[in-house]
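Subject: Structure for your review

Hello,

The structure is below, and my notes on it follow. Please read them with the coordinates open.

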Amino acid sequence: MTDAIMATGLVKSYGDVTALDGLDLAVPQGTVFGLLGPNGAGKTTAVRILTTLLRPDAGQATVAGLDVVRDAARLRARIGASGQYAAVDDHLTGAENLEMVGRLYHLGTRRSRERARELLTRFDLTDAADRPVRGWSGGMRRRLDLAGALVAQPPVLFLDEPTTGLDPRARAGLWDVIAELVAEGTTVLLTTQYMEEADRLADRIAVVDQGRVIARGTADELKDQIGGDRVELSVTGRADLEAATRALAPLAVEDIQVDAAALRMTVPVTGGAVALTEALGRLAAERIAVRDAGLRRPTLDDVFLTLTGQGTGKIEETVR
Amino acid sequence: MNALKLAAADGLTIARRDALKIRRAPDLLGGVITLPIVFVLLFAYVFGSMISLPGMSYGEYLLPGIFVMTIVMSSQITGYTLTQDLQKGIFDRFRTLPMSPSAVLIGQTVSDVIMNLASVVTMALVGLLVGWRIHSSPGEAALGFLMLLLFSYAFSWVTATVALALRTPETFNNVATIVSFPIVFLSNAFVDSARLPGPLKPIAEWNPVSTLIQGARELFGNTSAAMPVPDVWPLRHPVAASLLWSVVLLAVFVPLATRLYQRAISR
Ligand SMILES: Nc1ncnc2c1ncn2[C@@H]1O[C@H](COP(=O)(O)OP(=O)(O)OP(=O)(O)O)[C@@H](O)[C@H]1O
Ligand SMILES: [Mg+2]
């Protein structure tokens, strides 16, 4: 299987800010690749380089076998892209927007018109199709932008946070669309903040932080990589939460994650059910009332939080 | 597809988009139609009766100047629209499409010259109503309108270049206003340049706007034997000089604007 997207050592700085610091990616053809990372990790920068919108300062990348810098013009005919912010024309109607995109992909007038109607139906936008986009809701514009990326049925698709701002139904709809496209052989690279989405859609995942890939693999591999199980507990008060954090610290194999608002905590442990019993015993000894307790395998959320060290620190601070 | 055919096809697609936009944004169209009407009526009635010229009515003398003033102002729409579009998402879409790198500028300038055609026709009709007359042959008159439109097209590329250098609608508007008033008023649009004081006289005589106005006056037959033409080459051969100006502006600013556009979108 050949790689539809290949990037080696991509570097990009904006003044003093290093957005990408030697990013490597390889995405096999016909698969979905998920780019995960906290805000500012460099996901959008990576997508913009791969879609020819930005030139890397160093490193190189090919998409569909074409170099993103040297063959940029030819490459544009072979990719579809939907950025983090909807790139639609406010003054045109939905149908006119997609027809224009079709013409600029040189599909011809008739095919552009047909394709626009197909996509408007597919994205559930037929009712609004002939109204200027200016009056559309954010989620509708987002869907129109996604439709724009699909106009030319490109073999490689880049979607930067495609489901941000979509309602649950539209999100499920987009997941179906992506699944269909991949079944037809399209390669998809998407970025997302939703672990559930990466878990469900992406064949392979790369976790990006500060411009580098800090972990990669399938969702299962990543979960195994951080290892262990999670004891999840909720208590009845703020004071209990602090006390419980102290009581369980010796059991934790990584940082304890605390959600102060929900009075919940997640303790990474090894040893499964034994660890759960041990944890409950320690809390009982401290006379801390437990509302709810359980054991689970790590989720991608845990992977993300553990690897990027994001979130935990901040939430713990609010407890202290 | 070769580069030229691609530029033409994509330019047409963008021009169509701009035309749709104009239809949806009546304020733009209103400016292009009503402002010229107001100009013609205002100048013809307010100043037309106050100033008298040897051998011809001031209204006849004035109207070609109003035509030129209006197209210089309307050509700024090209630049203004570009700065607005640069701030919006749609350019991100254009940038990922396999379209010609000149298409946006070609489309924008072509749709603006069509708007300029609409405003010139409006002004000519209103002019005829208030007593302006064409005293030349239909062929010369047609050449006169063509000359105006060619210049407006060339001038659109100038404003596009300025817009791409400045980038924001606010700065563009400020600069355009500060520059366009002297360009229009330091000319022979309202007064015979021979009557201007000292240093302003040569400026007005060599101003391309004066050249274009003189060219329009000759082609529409709005001249008088009692008003001698200053002895400078562009005013002695105003039609040739106007066409030359248009060609020179296009030769300089088409490549310049295209280069700046590519720079603006490849950040
Ligand atoms: N045009 C720009 N000028 C200056 N700095 C920029 C620019 N674009 C991005 N950056 C910086 O580069 C870094 C990476 O940004 P990027 O947008 O790629 O992150 P991201 O992973 O997409 O984040 P998010 O999840 O918030 O979308 C950030 O520190 C950001 O501030
Ligand atoms: Mg981003």
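Chain A has 12 helices and 14 strands; helices (H or I, at least four residues) and strands (E, at least two) are DSSP runs, numbered from the N terminus. The C-alpha trace of chain A spans about 75 × 45 × 40 Å along its principal axes. Of the 320 residues in chain A, 52% are buried. Here buried means under 20% relative accessible area, exposed over 50%, and partly exposed in between, with a 1.4 Å probe and protein chains only.

Two conventions apply throughout. This is a predicted model, in which local features need pLDDT of at least 70 and side-chain atom pairs count only at pLDDT 80 or more, while totals for chains, interfaces and linings use all residues. Residues are numbered from 1 along each chain as its sequence is written, chains are lettered from A and ligands numbered from 1 in the order in which they are written, and side-chain values use heavy atoms, with hydrogens and water left out.

Ligand 1

The shell around ligand 1 holds 14 residues, and the closest are Gly40(A), Gly42(A), Lys43(A), Thr44(A) and Thr45(A). A residue is near a molecule or strand if one of its heavy atoms lies within 4 Å of it. By class, the shell has five nonpolar, seven polar and two charged residues. Ala, Val, Leu, Ile, Met, Phe, Trp, Tyr, Cys and Pro count as nonpolar, Asp, Glu, Lys and Arg as charged, and the others, Gly among them, as polar.

- Lys43(A): a side-chain N or O atom, at 2.7 Å.
- Asn39(A): a side-chain N or O atom, at 3.0 Å.
- Ala41(A): a backbone N or O atom, at 3.2 Å.

On its own, ligand 1 has 640 Å² of accessible area, and the protein covers 62% of that. Accessible areas come from the Shrake-Rupley method with a 1.4 Å probe; for residues, only the protein chains shown count as cover. Strand E2 (17-28) and helix H1 (43-50) of chain A are the elements that give two or more residues to the shell. H1(A) provides the largest share, three residues.

Magnesium ion

Ligand 2 is a magnesium ion, coordinated by OG1 of Thr44(A) and OE1 of Gln84(A) at 1.8 to 2.2 Å. Thr44(A) lies in helix H1 of chain A and Gln84(A) in the loop between strand E6 (79-82) and helix H3 (94-104), so the pair ties together parts that are 40 residues apart in sequence. Donors are N, O and S atoms within 2.8 Å of the metal (3.2 Å for Na, K and Ca); water is not among the atoms, so sites may look incomplete. Thr44(A) is partly exposed at 24% relative accessibility, and Gln84(A) is partly exposed at 25%.

Backbone points in chain A

Most residues other than glycine have a negative phi. Ala64(A), not a glycine, has a positive phi of about 50°. Ala64(A) sits in the loop between strand E4 (58-63) and strand E5 (66-67) of chain A and is partly exposed at 25% relative accessibility. Gln153(A) also has a positive phi, near 45°. Gln153(A) is in the loop between helix H5 (138-150) and strand E7 (156-160) of chain A, and is exposed, with a relative accessible area of 54%.

Chain B

Helix H7 (residues 138-166) of chain B has 29 residues and reaches 42 Å from its first C-alpha to its last, close to the 42 Å expected at 1.5 Å a residue. The expected span is 1.5 Å times one less than the number of residues. Arg167(B) follows H7(B) with a positive phi, near 75°.

Asp85(B) lies in helix H4 (residues 76-86) of chain B and is buried, with a relative accessible area of 2%. Its side chain makes a polar contact of 3.2 Å with the side chain of Lys21(B).

Asn207(B) is in the loop between helix H9 (200-206) and helix H10 (208-220) of chain B and is buried at 8% relative accessibility. The side chain of Asn207(B) reaches the backbone nitrogen of Val209(B) at 2.9 Å.

Regards

Technical notes. A polar contact is a pair of N or O atoms within 3.5 Å; within protein, one must be able to donate a hydrogen and the other to accept it, and residues adjacent in sequence count only if both atoms are side-chain atoms.
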